[in-house]
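Here is a friendly walk through one protein chain, with its contacts and cut-offs spelled out along the way. Have your viewer open and follow along.

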Amino acid sequence: MWVYGMDAPSGLLLNTDVGALVADALGVNIVHLSRSLYVDLDTTHLSYTINTTDITFPHAIIEGYVFPFGFDFFLVGDKRHMVPGITVYAPATGKLYISSAAIKMIESMI
């Protein structure tokens with residue numbers, strides 16, 4: 001990575017350090033952002049199921065609403081509702097993550 005400008009980092013940086021460096025430069029609290037964008041559904045009272053049988057449309061159904069994996073919206077019928085952050089499914093752990101804003105939207109709709 002080539003970087004120039006005032007206070008540009010120099011030397012060897014690990015790829016895992018780049019995110020923290022950028023967040024610091026932007027004045028973003030990455031811990032707070034991660035906590036609001038990625039909430040483990042097992043820590044909520046919402047019921048959900050995981051559907052990975054159709055590899056072209058893996059998704060979760062949360063309280064009857066369809067959340068496609070890797071996207072920043074959920075479906076109510078044919079209508080998309082945009083949310084901050086993407087729906088993340090971690091198959092190795094079986095965990096499902098959505099944003100706190102998405103959780104609030106679901107709770108207001110049920």
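Buried means a relative accessible area under 20%, exposed means over 50%, and partly exposed lies in between, with a 1.4 Å probe and protein chains only. This is a predicted model, in which local features need pLDDT of at least 70 and side-chain atom pairs count only at pLDDT 80 or more, while totals for chains, interfaces and linings use all residues. Residues are numbered from 1 along each chain as its sequence is written, and side-chain values use heavy atoms, with hydrogens and water left out.

**Salt bridges**

A salt bridge here is a side-chain nitrogen of Lys or Arg within 4 Å of a carboxyl oxygen of Asp or Glu. How many salt bridges does a search of the whole structure find? The search returns 2. In one, the side chains of Asp40 and Lys95 come together at 3.1 Å, N to O. That pair links distant parts of the chain, as Asp40 belongs to strand β1 (residues 39-40) and Lys95 to strand β8 (residues 95-98), 55 residues apart. Strands are DSSP runs of E with at least two residues, helices are runs of H or I with at least four, and both are numbered from the N terminus. Asp40 is buried at 14% relative accessibility, and Lys95 is partly exposed at 25%.

Lys95 also bridges to Asp42, with the closest N and O atoms 3.4 Å apart. Asp42 sits in the loop between β1 and β2 (48-51), 53 residues from Lys95 in strand β8. Asp42 has a relative accessibility of 44% and counts as partly exposed. Through shared partners, the salt bridges join Asp40, Asp42 and Lys95 into one network.

**Aromatic contacts**

Rings of Phe, Tyr and Trp (its six-membered ring) pair if their centres lie within 6.5 Å; planes under 30 degrees apart count as stacked, over 60 as edge-to-face and the rest as tilted.

| Pair | Centre distance | Plane angle |
|---|---|---|
| Phe67 and Phe74 | 4.7 Å | 10° |
| Phe69 and Tyr89 | 5.2 Å | 20° |

Phe69 is in the loop between β4 and β5 (73-76) and Tyr89 is in strand β7 (residues 88-90), so their pair ties together parts that are 20 residues apart in sequence. Phe69 is buried at 14%, whereas Tyr89 is partly exposed at 23%. Phe67 is buried, with a relative accessible area of 0%, and Phe74 is buried at 0%. Ring pairs also link Tyr65, Phe67 and Phe74 into a cluster.

What sits over the ring of Phe73? The charged end of Arg80 does, 4.1 Å from the ring centre. The criterion is NZ of Lys or CZ of Arg within 6 Å of the ring centre and within 35 degrees of the ring normal.

**Backbone notes**

Helix α1 (residues 15-26) has 12 residues and spans 17 Å from first C-alpha to last, close to the 16 Å expected at 1.5 Å a residue. The expected span is 1.5 Å times one less than the number of residues. After α1 comes Gly27, with a positive phi near 75°.

Most residues other than glycine have a negative phi. Glu63 has a positive phi, near 50°. Glu63 lies in the loop between β3 (59-62) and β4 (65-68) and is partly exposed at 27% relative accessibility.
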